[in-house]
Amino acid sequence: MELGLFIVLALVAMASAIAVIIQRNPVYSALYLILTFLSLAGLYLQLQAQFIAAIQVIVYAGAIMVLFLFVIMLLDLRKEEQRAVKGGYQLLIGLLLAAILLGELGLVFGGGVLKGVPGEFSPEKVSALGNTQVVGRLLFTDFLLPFELTSVILLVAIVGAIVLAKRRLD
Amino acid sequence: MSPPFTINDLWAISPEMVLTTAAIILLILDFLLPPGRRAVVGYTGLLGIGATFAALGASAGVRAEAFSGMYLSDPFTLFFKTIFLLIAALIILISLNYLSVEGVDQGEYYALVLFATVGMMIMAASGDLLSLYIGLETMSLSIYVLAGFLRKDRRSNEAALKYLLMGAFSSGILLYGMTLLYGLSGSTNLKAISRTLAAQDLHNPALTLAMILLAAGFGFKIATVPFHMYLPDAYEGAPTSVTAFMSVGPKAAGFAVLLRVFLLAIPSLQGSWVQLFYVLSVLTMTVGNVVAIAQKNIKRMLAYSSIAHVGYLLIGLVAGSPLGISAILLYLLVYILMNVGAFAMVILLCRQGLRGDQIEDFSGLAQKSPLAAATMLIFLLSLAGIPPTGGFVAKFYVFGAAIKAGYVLLAVIAVVNTAISLFYYMRVAMVMYMREEPSPITALSPSRPLHWALAIAILGILIIGVYPGPFLGWAWVSLTGLL
């Protein structure tokens with residue numbers, strides 16, 4: 001049952017991810033990306049990470065993708081849509097390299113289940129403490145510095161967007 | 001349970017806090033000043049860098065891990081932070097007049113330079129993959145915006161977009177590598193990763209894959225061949241002062257994290273990554289130098305030359321000895337001075353209506369201004385590695401470290417490459433001294449801050465070239481805690 005669910009979710013995630021890049025219409029791409037995010041949320045649920053799954057749906061599938069769709073609809077993309085894909089040989093080389101990479105990944109992971117080293121937080125410990133509590137506590141203790149630093153990134157992003165987009169007053 | 005952080009942790013990150021505050025002050029100051037007085041923002045930025053330097057000095061004594069191992073405050077960090085501040089100061093100096101020449105005299109520019117510097121400082125100081133990545137993105141995001149700062153110039157837009165796309169792509173590769181490393185070691189802390197891997201079977205193919213992905217991700221940032229494709233276009237299109245920044249800032253920071261991750265987290269894999277970097281080094285310097293010969297645009301030529309320099313720098317990592325690593329640090333210091341100096345000369349030629357970025361634009365510079373031509377000549381000689389400049393000393397130690405570690409063939413290839421590079425560097429010198437200046441004669445666009453930057457660069461290169469002892473000693477001391 002669990003394995004079956006995993007396979008279904010993984011296949012949906014992969015198929016929709018491929019659909020994102022092969023769709024000509026950017027709106028369809030964005031919708032497929034939402035599907036990818038939703039199936040990833042399902043995978044997180046399977047890993048007992050309910051909080052991350054909920055965040056994935058609310059923040060990514062919800063907020064960020066709505067913004068994406070807004071931007072896509074604000075831009076007039078009909079011209080882009082009609083343009084044929086150029087550079088056939090580039091596509092060919094790209095596919096070849098991708099195939100090689102895929103083969104290498106197959107060699108690495110094909111040998112069987114990859115054994116990782118379990119970290120400090122085992123599923124039992126997490127469910128005993130509570131999923132959200134563990135994430136929240138880690139975020140404000142061990143990972144406090146990166147958490148606070150993301151505010152600098154956000155500030156840079158805001159300043160950058162204004163610099164590139166604002167109209168000159170003078 | 002211990003508290004998440006103490007006052008000592010805040011002391012450790014005080015340089016970053018001061019610099020971030022300075023950047024925010026610049027943003028506010030920009031609104032308060034009337035248009036046309038924006039240079040004041042730049043000078044305030046220099047003050048902020050000075051204050052950060054003071055904070056760096058004050059916190060240098062705090063030798064510890066802060067924020068539960070996220071942040072390392074050691075001599076290695078101190079070295080890199082000092083050179084990042086030097087970069088930021090030089091870039092602001094060369095930008096002050098240039099921005100008004102290009103008509104993009106906006107205060108946000110200086111704030112973004114400082115934010116990028118904060119990102120680089122965090123990268124160098126991070127003891128954890130997570131803070132490393134956050135620092136990297138802070139730096140990259142600021143530089144994407146800076147590259148597209150000439151909004152009305154299509155080439156600047158193209159540069160920003162290419163840099164952004166390749167940056168995002170390389171971040172993806174880097175994160176994949178980090179994820180694998182995390183999965184295999186159960187931790188994102190560099191020292192913890194090293195401890196766990198030491199007890200493991202190293203013939204795990206997934207571990208090798210993680211290492212390759214990390215090398216590729218960092219390879220994009222420092223632009224090793226074959227991850228260099230975006231670089232010439234990005235360098236050519238970006239405003240020249242930003243190109244100068246891109247050619248030294250992300251590279252120095254990239255080397256800081258490359259050394260940190262490969263020496264601190266996965267030294268157990270040294271046997272395999274030495275081979276990897278050997279190949280990358282040979283490819284990078286050869287392709288960089290050979291393609292540079294064909295360039296007519298000086299920014300593109302310097303872009304390929306900077307690729308070649310990354311190849312030389314990697315030799316130090318291949319050698320892997322303390323001598324090799326300290327030679328990398330010394331090389332980076334010299335590289336920053338000479339590369340920013342060369343770009344500052346391009347800025348000197350840039351005037352209203354003329355970008356001054358063709359090699360032809362240097363024609364007859366020796367007649368027009370013998371001092372300017374001599375200055376450029378010193379930068380070119382240093383880039384080529386001719387004594388008595390710093391470029392020679394830096395190459396000497398890097399190649400020497402390779403020979404000492406037994407990589408004689410690599411050193412020979414590097415020397416051959418240096419000879420090739422002489423050809424295109426000296427072509428610029430030839431154009432300056434042998435060609436007549438095309439009429440009508442146009443004036444240079446000198447400014448006092450630009451002269452200051454040139455003076456610092458020239459003096460630095462000559463002092464290191466003549467008397468390298470203390471600088472090499474400084475680089476040597478900076479390795480404590482890394483190896």
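Modeller: We start with a term: buried means under 20% relative accessible area, exposed means over 50%, and partly exposed lies in between, with a 1.4 Å probe and protein chains only. This is a predicted model, in which local features need pLDDT of at least 70 and side-chain atom pairs count only at pLDDT 80 or more, while totals for chains, interfaces and linings use all residues. Residues are numbered from 1 along each chain as its sequence is written, chains are lettered from A and ligands numbered from 1 in the order in which they are written, and side-chain values use heavy atoms, with hydrogens and water left out.

Biologist: Which residues of H2(A) are buried?

Modeller: Ser29(A), Ala30(A), Ile34(A), Thr36(A), Phe37(A), Ser39(A), Ala41(A), Gly42(A), Leu43(A) and Gln46(A) are buried in H2(A). The cover over them includes helix H1 (2-22) and helix H3 (50-74) of chain A. Helices (H or I, at least four residues) and strands (E, at least two) are DSSP runs, numbered from the N terminus.

Biologist: What makes the reach of H2(A) close to the expected one?

Modeller: The expected span is 1.5 Å times one less than the number of residues. H2(A) covers residues 26-46, which is 21 residues, and from first C-alpha to last it reaches 30 Å, close to the 30 Å expected.

Biologist: What caps the N-terminal end of H2(A), and what follows the helix?

Modeller: The cap is Asn25(A), which has a side-chain oxygen 2.9 Å from the backbone nitrogen of Val27(A). A polar contact is a pair of N or O atoms within 3.5 Å; within protein, one must be able to donate a hydrogen and the other to accept it, and residues adjacent in sequence count only if both atoms are side-chain atoms. After H2(A) comes Gln48(A), with a positive phi near 65°.

Biologist: How many helices and strands does chain A have?

Modeller: Chain A has eight helices and zero strands. Of its 170 residues, 24% count as buried.

Biologist: How many salt bridges cross the interface of chain A and chain B?

Modeller: The rule asks for a side-chain nitrogen of Lys or Arg within 4 Å of a carboxyl oxygen of Asp or Glu. Across the interface of chain A and chain B it finds zero. One residue pair there is in polar contact, both at pLDDT 80 or more.

Biologist: Why is Asn289(B) called buried?

Modeller: Its relative accessible area is 1%, and the cut-off is under 20%, so Asn289(B) is buried. Asn289(B) sits in helix H12 (residues 270-293) of chain B. Leaving aside neighbours within four places in sequence, Asn289(B) is in contact with Ala308(B), Tyr312(B), Asn417(B), Ile420(B), Ser421(B) and Tyr424(B).

Biologist: What makes Glu158(B) and Lys162(B) a salt bridge?

Modeller: Their closest N and O atoms are 2.9 Å apart, and the limit is 4 Å. Both residues lie in helix H7 (residues 154-185) of chain B, four residues apart, about one turn of the helix. Glu158(B) is partly exposed at 37% relative accessible area, and Lys162(B) is partly exposed at 29%.

Biologist: Which residues form salt bridges with Arg300(B)?

Modeller: One is Asp233(B), with the closest N and O atoms 3.0 Å apart. Arg300(B) lies in helix H13 (residues 298-319) and Asp233(B) in helix H10 (residues 231-237) of chain B, so the pair ties together parts 67 residues apart in sequence. Glu236(B) is also a partner, at 2.6 Å between the closest N and O atoms. Both Arg300(B) and Glu236(B) are buried. Salt bridges that share partners join Arg155(B), Glu158(B), Lys162(B), Asp233(B), Glu236(B) and Arg300(B) into one network.

Methods
Contact = heavy atoms within 4.5 Å.
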